[in-house]
Each structure stands twice: as structure tokens, then as C-alpha cells.
There are 4 protein chains.
Amino acid sequence: MKRNKPKYKQIIDAAVIVIAENGYHNAQVSKIAKQAGVADGTIYLYFKNKEDVLISLFQEKMGQFVEKIEEEIAGKQRASEKLYMLVEKHFALLAEDHHLAKVTQLELRQSNKDLRLKINEVLKGYLQVVESILQTGIETNEFHKDLDVRLAKQMIFGTIDETVTTWVMNDHRYNLIELSPKVHHLLIHGCGGSQPS
Amino acid sequence: MKRNKPKYKQIIDAAVIVIAENGYHNAQVSKIAKQAGVADGTIYLYFKNKEDVLISLFQEKMGQFVEKIEEEIAGKQRASEKLYMLVEKHFALLAEDHHLAKVTQLELRQSNKDLRLKINEVLKGYLQVVESILQTGIETNEFHKDLDVRLAKQMIFGTIDETVTTWVMNDHRYNLIELSPKVHHLLIHGCGGSQPS
Amino acid sequence: MKRNKPKYKQIIDAAVIVIAENGYHNAQVSKIAKQAGVADGTIYLYFKNKEDVLISLFQEKMGQFVEKIEEEIAGKQRASEKLYMLVEKHFALLAEDHHLAKVTQLELRQSNKDLRLKINEVLKGYLQVVESILQTGIETNEFHKDLDVRLAKQMIFGTIDETVTTWVMNDHRYNLIELSPKVHHLLIHGCGGSQPS
Amino acid sequence: MKRNKPKYKQIIDAAVIVIAENGYHNAQVSKIAKQAGVADGTIYLYFKNKEDVLISLFQEKMGQFVEKIEEEIAGKQRASEKLYMLVEKHFALLAEDHHLAKVTQLELRQSNKDLRLKINEVLKGYLQVVESILQTGIETNEFHKDLDVRLAKQMIFGTIDETVTTWVMNDHRYNLIELSPKVHHLLIHGCGGSQPS
DNA sequence: AATGAATGAGGGTTCATTCAT
DNA sequence: GATGAATGAACCCTCATTCAT
């Protein structure tokens, strides 16, 4: 299995760095190879083509992402707590790897639609985690029983994603993780939820 | 002012159509020119370069977008109502122009980071509308007085945007406008906001 | 019609020279462009791709070839005379353009099979001329009435072609045209045809 | 001597199959190695480089070719009979090995000029057989005493070669061997040789 | 103002060959 | 002898932009 060979990960890590530092459209295969310390052709021993490097990058990184978040929320009982851990861990994982944050939030979105559709496939794993939290919350009566799960998923993902993107666009100038409580509160209560109507 | 000459708008409308039908990476200047019924070189009489066409496209369309939304919410007193109109109008404007929806949600995001930064500039106008709604809500006590306006803005925009993108990705298969009440409810009350705590 | 524009012919003539001097596999598009005095991209305004340049080269040159031979044989009555003119003109046309001779006899045959099949299409025009000579000869009783026209065609073309190829392989060291009478005699009488059996 | 080791022939036979089935330009060294059941590097223990494989292929196969034809014609007295056997055996040997026919008539001609010059060297053995037949014929008065042997050789080889190539190009759709008498007749008598002049 | 023919820089990918094991 | 992972040079084509008319 190529995924377990050292060069496979070497190349993916090199791709993250090169894309973060040069931008998606200036991340030539030859640059990635150089950064990885291999010959250009070697990349094609591990990946079908350049697109495959990018998809694999996303799968690899997002896979770990989902795993780590799942570990984190497994220990929590309440949906609200689970959601909190999701937000915090999501922020933490990207805050600790600025290169990766830039690549996933800005650069990889410049890819063509086909690649983006494949990326969306990968995102489904993440969205399933969100969905299971929502289901839990409904079962425990933390959340409305007629909450529209699909839309709530979109709100949660859209909010987290937009928050991270804004943070990256501002060159990581502020502490992302510290935003977790407020973001969590917004997701649970909305803009005016705790107000008497 | 070139913006008022007929060919200026002709070219922008042609760009929307060409990008929607061919995708960002297959929207060559020559195709746009042909669709607009002008010569390739003519485009450079009205725009500095291709990027300028895209930025102008976004400015022009988003400008109208903001104007229309502002008209819509001007008549409303309560922030909650204003927010509802924002969501509904946002959805309505994109639902009535599938080409434009595809272009803004999918295709234009494939542009390079510089272009995206400029697009973000344009988005500021939109975000200011959101901000003024939030300010109104805080003043009228509809929203928490210590609501984090910046984050709430990101939630609102992130949620709306993600909802539209998902709709476009699903080939406009369902009715976007009908989602307005639920999305509005989520934004105001969050996932669990109306539950007793 | 692109075929009549000066650059069309310029590029084809440049291709003949570049291929003759560098060989098929060292005839890069950029070299052809340079020789033609145009930019690389200009070639793609007149030809679909590199293969199209080569096919067009063959069509153009072979087309003239067939035309000139047809003119030449039109004035002759007897099939034998026609055949003589075919051989002599074929030899003469290639003898007067060593570059073209090298390209058609050696270099263009290195192309891939698809290109070669298309070249064969072009050759059909030539073979039809040969066939009409043979038909004439059969009608006038110069040739056997049960001569196998298809095979005779292959003999005539194969012999002429092999003779020219050998001449090119020997770096045009001897006079090709002077071989015409002997080759003609061989084609009419064979190795032992004029001998009593 | 490497020529006698089993892998030497294994590799050559693998090359014939791979070239016939994939075409010259898709016959990578790695494919040949795989077909031969050896590692890529092993090929370089038996051959200097890829070109050497092809030349050796031609030498090996054409060597057998010439041997078999020589055996065949040794028993014949008359030049005409010898020529008949040459044609028939040539056709027969290629008709019984479609792969080899495709490789020698179509694929190997796509090689570069240097390789083709070396192939021509190999062909000299064949041409010497033809020449000896012609000399015999002249001595026995079957053929004209002032027959141009060099040109006659080219006619004979050119005609046979063109006939086989046409047959291969037509996907071996008809019986090649049955053409022997007619081809032989053409070579001896030409198109009109048996007619009174 | 409008045209559109011409420009030319730039990069993903293949594959013959090597060499450490 | 045999292996096969690694190498890295080489090239066709696209398309944003220009400028003579």
C-alpha cells in the first residue's frame, strides 16, 4: 500500500508547504518534488497526477481531522458539549498548522469543479459527525425535535468555515481558539435566542 | 464613465453566461467576446484585463444585490424582520438567476487569491448591511447586548452562503426560497435556543 | 480559406526544411515556427496540432505531385509512354527537392500509425493515376487483359518508392532521373520478360 | 554468448508481441520486461539499450528468414523457380506470424533513421539472396544479360514489400500466399512483357 | 472606437536508463 | 545474475494581451 510508504506522506506534506507558500496556481509539480526531496517523476509513482496529489492531501488531512474530532467528542454526553468540542477541536487543529489552514481555506478552493466535487465527498465524513451530534441533541431534547438537521448542518459548517476563513484572510492575527465559546453560543442560541421574544 | 456604456454591461452579462456554461477555467476572453458580440480587443477598451472583468462583474452584480436588499429591509422595523428579508431576498435573487448563482457560488471561487481578496472587498458592503441589522437588534433588545457582532456576521453570512452553495451543488433541485423561515429561525434561535435551558 | 494564406505555405515549407535537417523526432514545433519566422502559437492558428501540420504537408506536396504527373501523362496516348512519364516525373519532382525527398521517403514514415493511415489516404490519389494508366494499357492491348491491376499497382508503386528510398539513403549520390528508362523497362517487361521462354 | 541464453530470446519474443499489440510508440521497456517475465533492469543485462533490442529483434528474425529462404531456393535450378520460392516463402513466413508481419511492415518503420539504417544493414543479407538469384538468371540466360541487377533488386524487394504492407494494412483480410504466382509473373514479365511489342 | 491576427511564456507528464540491494 | 524504485530531461499547446489597421 503506497499510502504507508514514507514518500507518500513526504510528498503530501511538501505539497501543503508549497501550496501555502506559493499559492495554488504557483504550486508546480517540480516545486513540490523539490520540497519533498524527490525527483519530479517520483511523484507519479505515488500519485496518478497532480490532481490526485491534492485530493489525497485533502483526504489524508481531513481524515485525521475527523478522527481526532471523533475521539474528542466521544467522551462527552451532551450534544451541546459535543458541539463545543467540535468547534474547539476544529479551530485548534487548524490553528496549530497555519500552512494547512491556508491551503484548505483558501488555496484548495481555487481548484476546478471536479476536484471540488471530490473534496466534497471527503467533507461528507465531517458532516456526518455534525449530523450525529444533532441527532443526539434531538434525542436528548437539547435541540428542538423538529430541528431541520440538514439546514442546521449547513449552518454549523458554514459558520465554522467562514470563521476560519476570515481568520486566515486576516493572516491569523488573532487567537482563533478563543472564539470557540462565542461561536458555540451562537450556534446553540442564535443571535437572539436567549432573549424573550 | 465606461460603466454606463452599453458594451460594458454587455460584456459583463456575457461573462456571467460564459462562465456559468463553461466553468471558470473554460471561460476564455475570446469566448466572452464572442458571446458579447464584440472583438477580443474591445474588451480591453472597457476593462484593464480579464481579472478586471471578473471583479467588475462581482461589483456590478453584488452592488445591485446590496441595493435591493437594502430597499427590502428599509421598510421593516424589527431586526428579526430585517434579517428575515435579508435571507429571503438573498435566496430570491440567486434563485431567479441560476447562471449568476453558479458563477458566484462555485466558479468565481476558483479564481486566485488576489482576486478573492478583491471580491472580499466587495462583500464588505453586504456585511455592513448585516452589521447594521445586528446593531439595530442590539439597540432594540431583540439581540443580546453583548452579542459578538463580528462573529454573528460570520455566522449569518456563512450559513446563508453555505445554504446557497449546497443548493447550487445539488443543481437547484429544490426550492431555495422556501428554506428562508427555517434558516431565519436557526440564525435567531440557534440549534437549541428556544429550549428552556 | 487558410490554405491560401501565405503563412500556411510558409509553415509547411518550414516544416519540410526542419524535418529534413533535424529528423522527424527532432522537429519540434518551436523549431518549425522559428524557421517559418512566426511565433509558436501562430502555427496553431493555421493547424489543429503538430500532426495536422504533417498531414497537410503531405497533402499539399503530394497533391501538387499528382497534379503535375497528371498534366504530364495527359498528352501521351500509349500506356507505356504514360508509365514512362509517371516514373520520370516522379523521379524528377523528388530529385529537384532533396529536402522533400528526404522527408517523404524517410522521415514521415516514422510517424505513428494513425498519421500513416492518413498519409495512405493521400496516396490513393497517386495510386488512382497508376490504376488509370493500367486500365488504359489493358484497353489498348498494351498490357495483358487479365493483368491483376491491384498487384501491378503495388509493383509499380513499390518499385518506384524503393528506388527513390535507396537513392535518398545513399544521400542522392547518383542521378535518379537517369534511372527512369531502366526502371520503366523493368516495370513493363520484368526481369526476364523480353526473353523467349 | 548472450544470444544463446534463454532470456535473450524471451525478451525478443516479448518485444514482438508487445510492439504488435501496442504499436511501436506504446512499447515501453517496462511492458516488454513484464511480457518477458523479467525485471526492467534485466533487459539491460542482455541488450545495450532499447534500440539494441529492436535491432537484435530484426537481426534474429530476419536471419532466420534469410536462412529459410536460402534452404528453399537451394534445391531449385532455374532462377525463375528460385524467385518463385523466394516470393512464396517470404509471403508464407509472414503469413504464419501476423505479429511479426505487423512489426516488420508497420511498426518498426516508425523508428528513427539511425535504427532504420541499421535495419537496412540487416536487409543486405536478404538482398544478396535476391542478387544471387538474378546473377543465376543472367548466367542461364533466363534474364537479360544487361539487366540492371541493382534496380531489379529494388523492384523485387519493393514489390514484395509493398504487397505485404498492403496486406497488413488490410488486416490480413485476404490470403497472401495465393498472390505468389501473380506477383512472380509480374516480376518476371512486367505489366506488358509477354505481349508482342 | 473597434478589430482580430499574432504573440510567446509556461508546466504536467512520460519513460529509457541507472544502481543500490 | 536479478531486481525495480528512482531519476530528470524534454515538449506540445493554450490563451491573455497587444497593436497595426
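**Close-up views of contacts in a predicted model**

View 1. B:Lys182 and A:Asp148 form a salt bridge, with 3.2 Å between the closest N and O atoms. The structure shown is a predicted model. Across the interface of chain A and chain B, two salt bridges are found by the rule. Residue pairs in polar contact between chain A and chain B, both at pLDDT 80 or more, number eight.

**View 2. The side of chain A that touches chain B.** Four helices of chain A each supply at least two residues of this side: helix H6 (98–107), helix H7 (113–139), helix H8 (149–169) and helix H9 (180–189). H8 of chain A gives the most, with 13 residues. Sorted by class, the side of chain A that touches chain B has 20 polar, 18 nonpolar and 10 charged residues. Chain A brings 48 residues to the contact, and chain B brings 48 residues. The area buried between chain A and chain B is about 4100 Å², and 60% of it lies on carbon and sulfur atoms.

**View 3. Domain 1 and domain 2 of chain A.** The domain assignment places residues 1–47 of chain A in domain 1 and residues 51–189 in domain 2. Taken over C-alpha atoms, the centres of the two domains are separated by 26 Å. In the contact, 17 residues of domain 1 of chain A meet 17 residues of domain 2 of chain A. The two domains bury about 1500 Å² between them, with 67% of it on carbon and sulfur atoms. Which three residues supply more than any other three of the area that domain 1 of chain A buries against domain 2 of chain A? They are A:Val16, A:Ala20 and A:Tyr24, which supply 38% of that area.

**View 4. Charged and polar pairs between the domains of chain A.** A salt bridge joins the side chains of A:Lys9 and A:Glu60, at 2.8 Å from N to O. The rule finds two salt bridges across the interface of domain 1 and domain 2 of chain A. Between these domains, four residue pairs are in polar contact, both residues at pLDDT 80 or more. Helix H1 (residues 6–22) of chain A contributes 11 residues, the largest share of the side of domain 1 that touches domain 2. By class, that side of domain 1 of chain A has 11 nonpolar, four charged and two polar residues.

**View 5. Phosphate contacts of DNA strand E.** A backbone N or O atom of D:Val29 lies 2.7 Å from a phosphate oxygen of DNA strand E. C:Lys7 places a polar side-chain atom 3.0 Å from a phosphate oxygen of DNA strand E. The elements that give two or more residues to the surface near DNA strand E are helix H3 (40–46) of chain A, helix H3 (40–46) of chain B and helix H3 (40–46) of chain C.

**View 6. The protein surface near DNA strand E.** DNA strand E is surrounded by 28 residues, and the closest are A:Gln28, B:Thr42, C:Thr42, C:Tyr46 and D:Val29. By class, the residues of the surface near DNA strand E divide into 12 nonpolar, nine polar and seven charged.

How values were computed:
Residues are numbered from 1 along each chain as its sequence is written. Chains are lettered from A and ligands numbered from 1 in the order in which they are written. This is a predicted model: local features need pLDDT of at least 70, side-chain atom pairs count only at pLDDT 80 or more; totals for chains, interfaces and linings use all residues. Side-chain values use heavy atoms; hydrogens and water are left out. Domain bounds come from an automatic or database domain assignment. Contact means heavy atoms within 4.5 Å. Buried area is the accessible area (1.4 Å probe) that two parts lose on being put together, summed over both. A salt bridge is a side-chain nitrogen of Lys or Arg within 4 Å of a carboxyl oxygen of Asp or Glu. A polar contact is a pair of N or O atoms within 3.5 Å; within protein, one must be able to donate a hydrogen and the other to accept it, and residues adjacent in sequence count only if both atoms are side-chain atoms. Ala, Val, Leu, Ile, Met, Phe, Trp, Tyr, Cys and Pro count as nonpolar, Asp, Glu, Lys and Arg as charged, and the others, Gly among them, as polar. A residue is near a molecule or strand if one of its heavy atoms lies within 4 Å of it.
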